[in-house]
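Please take a look at the model shown here.

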Amino acid sequence: FCLSTTYFLWNGDFYEQKNGAAMGSPLSPVIANLFMEAFEEEAIRGKGLYVDYTFIIWPHGISSLTVFFDYLNTLHSNIKFTMETEKDGVLPFLDVLVKRTNNNKLAHGVYRKKTHTDRYLNAASHHTLPIKTS
């Protein structure tokens with residue numbers, strides 16, 4: 001019921017959301033997590049491979065990685081994955097720069113996107129306390 005009766009007001013007009021949970025609803029993260037957990041289990045069960053969230057250490061070669069990636073993108077019409085692979089022994093993941101060392105082990109450092117400005121939320125801003133403390 002919650003997923004099929006979502007309406008919202010934007011720019012003075014009411015709209016019906018056709019698919020998914022409402023943005024900002026406290027229920028939405030729970031539903032999204034449950035859905036993605038079931039989705040991940042189905043994807044892995046179908047191929048018998050190990051996936052750790054979206055960071056994958058893939059020991060099966062690039063060609064089978066491409067096959068698995070294409071398979072994931074066929075499982076649900078509204079979910080499309082993107083993929084980045086390491087280049088020159090490094091791979092940015094969130095705020096971490098994962099590096100492959102000379103002895104084939106992993107090291108890490110801080111990663112900053114090109115758009116990073118080093119600007120942070122001012123404590124005197126009008127944001128709510130939970131937003132400021134996070």
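Tyr15 is partly exposed, with a relative accessible area of 35%. Here buried means under 20% relative accessible area, exposed means over 50%, and partly exposed lies in between, using a 1.4 Å probe and protein chains only. The model is a predicted one: local features need pLDDT of at least 70, side-chain atom pairs count only at pLDDT 80 or more, and totals for chains, interfaces and linings use all residues. Residues are numbered from 1 along each chain as its sequence is written, and side-chain values use heavy atoms, with hydrogens and water left out.

Tyr15 sits in strand β2. Helices (H or I, at least four residues) and strands (E, at least two) are DSSP runs, numbered from the N terminus. Leaving aside neighbours within four places in sequence, Tyr15 contacts Thr6, Tyr7, Phe8 and Trp10. Contact means heavy atoms within 4.5 Å. Gln17 belongs to the loop between β2 (13-16) and α1 (28-47). Gln17 is buried, because its relative accessible area is 18%. Not counting residues up to four places away in sequence, Gln17 touches Thr6, Phe8 and Ala22.

## Overall fold

The protein has 3 helices and 5 strands. From the N terminus on, the order is β-β-α-α-β-β-β-α. The radius of gyration is 20 Å, well over the 14 Å that the globule rule gives for 134 residues, so the protein is more spread out than a compact globule. That radius is taken over C-alpha atoms, and the globule rule is 2.2 Å times the number of residues to the power 0.38. The C-alpha trace spans about 55 × 45 × 20 Å along its principal axes.

Buried residues account for 14% of the 134 residues. Take the contacts between residues at least 6 apart in sequence: 24% of them join residues at least 24 apart.

## Core

Which residues form the largest nonpolar core? The set has 6 residues: Ala43, Trp58, Leu65, Phe68, Tyr71 and Leu72. A nonpolar core is a set of buried Ala, Val, Leu, Ile, Met, Phe, Trp, Tyr and Cys residues joined through side-chain atoms within 4.5 Å. Helix α2 (residues 62-72) supplies the largest share of this core, 4 residues. In soluble globular proteins, nonpolar side chains tend to be buried together.

## Surface and charge

The accessible surface comes to about 11400 Å². Carbon and sulfur atoms hold 59% of that surface. Areas come from the Shrake-Rupley method with a 1.4 Å probe; for residues, only the protein chains shown count as cover.

The protein carries 13 positive and 13 negative side chains. The centres of the two sets lie 7 Å apart. Lys and Arg count as positive and Asp and Glu as negative, while His and the chain ends are not counted. Each charge is placed at NZ of Lys, CZ of Arg, CG of Asp or CD of Glu.

## Positive phi in two loops

Asp88 is found in the loop between α2 and β3 (90-93). Asp88 is not a glycine, yet its phi is positive, about 55°. Asp88 is exposed, because its relative accessible area is 82%.

Leu94 lies in the loop between β3 and β4 (96-100). Phi of Leu94 is near 55°, again a positive value in a residue other than glycine. At 65% relative accessibility, Leu94 counts as exposed.

## Exposed sites and distances

Three further exposed sites have C-alpha distances to report. Thr54 lies in the loop between α1 and α2. Its relative accessibility is 63%, so Thr54 counts as exposed. Thr54 and Val96 are 42 residues apart in sequence and 14 Å apart in space, C-alpha to C-alpha.

Arg45 is part of helix α1. Arg45 is exposed, with a relative accessible area of 62%. Arg45 and Lys105 are 60 residues apart in sequence, and their C-alpha atoms are 28 Å apart in space. Asn102 sits in the loop between β4 and β5 (106-110). At 87% relative accessibility, Asn102 is exposed. Asn102 and Asn73 are 29 residues apart along the chain, with 34 Å between their C-alpha atoms.
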